[in-house]
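Thanks for coming. I will go through one model today, and please hold questions to the end.

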Amino acid sequence: MSAIGITLQPRPTDASVDHAIQAIVAGASSAETCNTDLASGPWDFDSRPGYGPGSSMGDVIPTGSPRQGELPQEYRDASEAELAARIVAAKATLGDRVVVLGHFYQREEVILHADYVGDSFQLANAALEHPDAEAIVFCGVHFMAETADLLSQPEQSVILPNLAAGCSMADMADIDQVEECWEQLADVYGDMDATDADGLVPVVPVTYMNSSAAIKGFVGRHGGIVCTSSNARTVLEWAFERGRRVLFFPDQHLGRNTAKAMGVPLEQMPMWNPRKPLGGSDAQTLDDARVILWHGFCSVHRRFSVEQIERARVEHSGVRVIVHPECPMEVVDAADESGSTDYIRRAIEGATEPTTFAIGTEVNLVQRLAADNPQHEIFCLDPVVCPCSTMYRIHPGYLAWVLEGLVAGEVRNRITVPADVADPARLALERMLAAKPPAAPAADWENAS
Ligand code: SF4
């Protein structure tokens with residue numbers, strides 16, 4: 001089994017967040033979870049309007065999003081060991097016909113079956129290494145499966161084991177709202193394709209990888225570009241070479257943290273709230289703006305706080321605090337370092353002396369890093385066990401169901417991006433690849449949430 005990022009070895013300690021939650025619910029652990037419903041199977045929430053328990057439990061799945069059908073009872077009733085055996089058997093039968101991809105934030109019981117483990121863009125690239133595989137099973141969230149579909153061969157099927165595994169941050173930039181925003185900005189700036197005396201257009205749209213294919217397509221059609229959490233600065237520099245301003249979506253925090261580090265003053269970064277006229281701003285502020293930040297955020301990373309960092313420093317002398325740039329600015333400023341999931345992994349694995357790390361990112365990755373690196377003390381800044389709700393919707397039961405479907409000749413839960421969206425979305429991704437600094441190693445741009 002090969003993996004990007006994490007080598008899958010037997011864990012010295014249990015990396016399973018699910019086991020930790022089951023222990024809490026059973027009263028065998030004094031730890032705290034944000035919702036004891038996490039101990040239930042995700043199928044209990046497939047027919048409900050929200051993402052279910054976890055960090056995104058207050059977020060509602062948008063109308064029109066694909067909905068997961070009922071998972072057959074046999075997969076709900078099967079034990080963890082039975083499901084693992086069925087997955088192993090189905091993968092053995094399918095052989096090279098299938099590739100299973102596992103995002104860093106997936107639960108351990110799914111990751112154990114992944115052929116590749118990484119962030120969303122690493123995994124999309126991993127799929128490219130298998131052009132002959134009939135199916136790519138993407139254990140992640142919806143926008144990741146879309147990106148894999150954009151980059152894979154037309155005859156390959158990209159499968160999302162549970163259709164309810166969306167991303168509440170990606171949902172916050174709806175294509176209709178973005179189109180409306182663009183029209184309102186055109187009312188302020190005039191012709192959006194016209195260049196000024198410096199050869200700059202009024203606005204270049206930049207979208208984070210964590211966005212729908214429709215948004216990537218919008219960006220591609222309007223001269224814009226995609227970024228990841230580790231190449232955001234390179235991409236903003238690319239955009240400022242072409243535009244007077246940047247419209248950045250959906251994650252305000254990544255946009256703000258990156259632009260601030262580049263020296264853009266906060267007063268030149270107004271927020272665009274899609275529910276308000278002119279985004280809640282005014283024409284003068286928009287005229288002065290350098291980066292217009294979409295009102296989006298990640299429900300996982302906004303749980304981290306300055307107070308948690310202060311407490312970690314009090315309780316763990318010499319602790320090294322690393323947070324993800326999707327965290328709020330105050331948290332990034334208070335941390336020792338910030339960086340993508342892969343940056344965090346490399347920082348831990350590169351530490352030559354036993355070190356205490358406090359990490360501000362999704363708990364499944366943190367717990368796995370702790371299990372894989374027993375020479376260090378590694379803990380999640382958030383003391384409450386609260387995984388990403390949307391990632392948590394992928395349970396081994398769904399993985400077994402889609403794999404056994406393939407064995408039976410049935411493609412379940414295929415994700416397909418229509419051609420009119422795919423072509424400009426691919427263009428926006430290609431611009432990102434071309435914007436990569438020539439001397440940079442691949443790991444510097446192959447990172448997303
Ligand atoms: S961790 Fe945040 S950005 Fe990533 S899938 Fe979950 S909600 Fe979306």
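First, the ground rules. This is a predicted model: local features need pLDDT of at least 70, side-chain atom pairs count only at pLDDT 80 or more, and totals for chains, interfaces and linings use all residues. Residues are numbered from 1 along each chain as its sequence is written.

Domains. The protein chain is divided into domain 1 (17–171 + 390–417), domain 2 (175–296) and domain 3 (301–385); the bounds come from an automatic or database domain assignment. Between the C-alpha centres of domain 1 and domain 3 there are 25 Å. Their contact takes 15 residues from domain 1 and 13 residues from domain 3, where contact means C-beta atoms, placed from the backbone, within 7 Å. On the domain 1 side, helix 1 (17–25) and strand 1 (32–33) are the elements that give two or more residues. Helix 1 gives the most, with four residues. Helices here are DSSP runs of H or I with at least four residues, strands are runs of E with at least two, and both are numbered from the N terminus. That side of domain 1 divides into eight nonpolar, three polar and four charged residues. Nonpolar means Ala, Val, Leu, Ile, Met, Phe, Trp, Tyr, Cys and Pro; charged means Asp, Glu, Lys and Arg; the others, Gly among them, are polar.

Four strands form an open sheet in the order 3-2-4-5, with parallel pairing; a pair requires at least two DSSP bridges between the strands. Strand 3 (116–118) and strand 5 (157–159) are the edges, each pairing on one side only. Strand 4 (residues 135–139) and strand 5 run parallel and are joined by three bridges, and Ala-135 has Ser-157 in strand 5 as its bridge partner. Helix 6 lies across strand 2 (98–103), strand 4 and strand 5, at about 155° to strand 4. Axes are lines fitted to C-alpha atoms, for helices over the stretch in contact, and angles run from 0 to 180 degrees between N-to-C directions.

Now the helix pairs. What does helix 6 (residues 142–151) do with helix 5 (residues 120–128)? Their axes come within 9 Å and cross at roughly 35°, and the crossing is right-handed. By the convention used, right-handed means that the near helix is turned clockwise from the far one by less than a right angle, and left-handed means anticlockwise. Ser-120, Leu-123, Ala-124, Ala-127 and Leu-128 of helix 5 meet Met-144, Thr-147, Ala-148 and Leu-151 of helix 6. That contact has seven nonpolar residues, two polar and no charged.

For helix 3 (residues 80–94) and helix 17 (residues 396–407), the axes also come within 9 Å, crossing at roughly 30°. That makes helix 3 roughly parallel to helix 17, the label for angles under 35 degrees. This crossing is left-handed. The contact includes Leu-83, Ile-87 and Leu-94 of helix 3 and Leu-399, Leu-403 and Val-407 of helix 17. Its residues divide into eleven nonpolar, two polar and four charged.

Last, the backbone. Phe-249 and Pro-250 are joined by a cis peptide bond, with omega about -5°. Pro-250 is in the loop between strand 8 (243–249) and helix 11 (252–261). Leu-278 is not a glycine, yet has a positive phi of about 50°. Leu-278 is in the loop between strand 9 (271–272) and helix 12 (283–288).

Conventions. Contact = placed C-beta atoms within 7 Å. Parallel < 35°, antiparallel > 145°, perpendicular 65-115°, else oblique.
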